[in-house]
Amino acid sequence: MIKSYDLYTNKNKLWDIYRRCTRSEDYYNLNVASTTNVFIDNPEDCEYIEQNIVEPLGIDIQWLNNQYDDSVGYNFNVVKPTGFVKPHRDVNSTKVNILLNQKTLAPFLFVETQQRYYYEHPVLLDVSQLHTVDNCASITKDRVTLQLFLTKPYDECERMINENRRY
């Protein structure tokens, strides 16, 4: 399941936040992915994300948490040239993703349905379904996505956003 939201996001501001980040962790698992997680530690940057993305979408801050490592509920994920993302299911079953790049030829892909999303807007994703990033060979510069990790099932998150969004 996938739902796009036309929330305005200032990608230049998100790029600024990304460039200020100083802490990152490479993730490499031959069977899953070669990506980099970039962590947002600056309190002002966290406040910006919460005030300009989380709150307008009507997401309860208590529903944000990366269950993989019990960390804050958002970070940047980077697929670098020569990186890859193989079909997998995430620990958190639901995410909101925002692509910072203006466009991508490497879309999010649900494996079973072959449904692709090229990231025109923020998108709510059921990442408990088998998914991947398609066409990683097309990535010639870092493909950067802000990801929000939600702790509730997709249906509950979609209902919450539909009932509480403020834009």
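Predicted model: local features only at pLDDT ≥ 70, side-chain atom pairs only at ≥ 80, totals over all residues.

Trainee: How many helices and strands does the protein chain have, and in what pattern?

Mentor: Along the sequence the pattern reads β-α-β-β-α-β-β-β-β-β-β-β-β-α. The count for the protein chain is 3 helices and 11 strands.

Trainee: What is the radius of gyration of the protein chain, and what does the globule rule give for 167 residues?

Mentor: The C-alpha trace spans about 40 × 35 × 30 Å along its principal axes. For 167 residues the globule rule gives 15 Å, and the protein chain is close to that, so it is as compact as a globular protein of that length. Its radius of gyration is 15 Å.

Trainee: What percentage of the residues in the protein chain are buried?

Mentor: A residue counts as buried when its relative accessible area is under 20%. Of the 167 residues, the buried ones make up 49%.

Trainee: Is Trp15 buried or exposed, and which residues does it contact beyond its neighbours within four places in sequence?

Mentor: Trp15 belongs to helix α1, residues 11–20. Its relative accessible area is 17%, so it is buried. Leaving aside neighbours within four places in sequence, its contacts are Leu100, Asn101 and Val144.

Trainee: Which elements do the buried residues of α2 pack against?

Mentor: Helix α2 covers residues 43–54, and its buried residues are Asp45, Cys46, Tyr48, Ile49, Ile53 and Val54. They cover an arc of only 160° around the axis, which puts them on the same side of α2. The face turned away from that side carries the exposed residues Pro43 and Glu44. The buried residues of α2 pack against α1, β4 (74–79), β6 and β11.

Trainee: Why do the buried residues of α3 line one face of the helix, and which strands do they pack against?

Mentor: In α3, residues 154–164, the buried residues are Tyr154, Cys157, Met160 and Ile161. Seen down the axis of α3, they fall within an arc of 130°, so they line one face of the helix. In an α-helix there are 3.6 residues a turn, so residues three or four places apart point the same way. The buried residues of α3 pack against β1 (2–4), β6 (94–99), β9 (123–126) and β11 (143–150).

Trainee: Which residues does Met160 touch, not counting those up to four places away in sequence?

Mentor: Met160 sits in helix α3. With a relative accessible area of 6%, Met160 is buried. Beyond residues up to four places away in sequence, Met160 touches Gly58, Ile59, Asp60, Trp63 and Arg165.

Trainee: How far apart in space are Met160 and Thr82, C-alpha to C-alpha?

Mentor: Thr82 lies in the loop between β4 and β5 (84–85). With a relative accessible area of 78%, Thr82 is exposed. Met160 and Thr82 are 78 residues apart in sequence, and their C-alpha to C-alpha distance is 37 Å.

Trainee: What is the phi of Thr82, and what is that of Gln114?

Mentor: Gln114 is in the loop between β7 (108–110) and β8 (116–117). Its relative accessible area of 40% makes Gln114 partly exposed. Neither phi belongs to a glycine, and both are positive. Thr82 has a phi of about 75°, and Gln114 has one near 65°.

Note on methods: Residues numbered from 1 in each chain as written. Heavy atoms only, no water. Buried < 20%, exposed > 50% of the residue type's maximum accessible area, 1.4 Å probe, protein only. Helix = DSSP H or I, 4+ residues; strand = E, 2+ residues; numbered from the N terminus. Arc of directions from axis to C-beta. Contact = heavy atoms within 4.5 Å. Rg over C-alpha atoms; globule rule 2.2 N^0.38 Å.
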